[in-house]
Amino acid sequence: MTNADTGRTVDPAGPPLLADHLALDLLNTEARVDGAAVEFWHTGDDVLRWLARQAIVPAPGTEVDPAALLAQARALRALARELVGRHKEGKPADARGLNAYLHAYLSAPHLGQDADGRLVLGRVPRGDAIAALLGPVAEAVAQLLADGDFALVRQCEHPDCVLWFYDRTKAHKRRWCSMALCGNRHKAAQFRKKASQGAAA
């Protein structure tokens, strides 16, 4: 699949889910490859596929306006990026925009059964279809801002990567969005650097 903005090939499965937090996975729906911006959301269907990977799906029979979903999802992402960035820098931020998403997310208690047949109390969305889809994402952003340990909210250390993650490792020493992606790229670059220095000597 080719990214329409850059002409570069991107993963057809969509953005990687490697942040260990829904709010940061939201930010990672924009990335950078070889210094060029990569947009993973071009249509409302792209957003729906990403939401489905996060186990957020429309209620059966619900009609979703794809263009409106795309516009609102991108707006929520931009808002989340600003709020997370300002919070990480210790700067105050205006929560009114995020509260608009949270207040539109209406839900009701629901008693259901889990896979083992045990009763579980959960919540089901009600009202507007787009608010029901983006509400859990907005709630994850709010939860991160209110309760997250921002010492553990980090961006990948690779200079060509902008992906975020929440460091849940035991020692809290995670440096890369993924060892398979940027960790190995860094190791390969270091190996090439040492090899060229050895050849020069």
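I began with the second largest pocket, which 17 residues line, with Val-57, Ala-59, Tyr-105, Pro-125 and Ala-132 nearest its centre. For a pocket I used a 1 Å grid over the protein atoms alone and took an open set of points where a 1.4 Å probe fits, with protein on both sides within 12 Å along at least five of seven lines; lining residues have an atom within 4 Å of a point. Strand S4 (119–126) and H5 are the elements that give two or more residues to this lining. H5 gives the largest share, five residues.

The model is predicted, so I noted that local features need pLDDT of at least 70 and side-chain atom pairs 80 or more, while totals for chains, interfaces and linings use all residues. Residues are numbered from 1 along each chain as its sequence is written, and side-chain values use heavy atoms, without hydrogens and water.

Next I looked up H5 itself, residues 129–147. Helices (H or I, at least four residues) and strands (E, at least two) are DSSP runs, numbered from the N terminus. Where does H5 kink? I found a kink of about 35° at Gly-135, shortly before Pro-136. The bend is the angle between axes fitted to the seven residues ending at a residue and the seven starting there.

Last, I turned to S4 and its partner. Strand S3 (residues 106–113) pairs with S4 in the antiparallel sense over eight bridges; pairing requires that DSSP finds at least two bridges. Gln-113 stands opposite Leu-119 in S4. Five residues lie between the strands of this hairpin, where Gly-117 takes a positive phi near 85°.

Terms used
Expected span 1.5 Å × (residues − 1).
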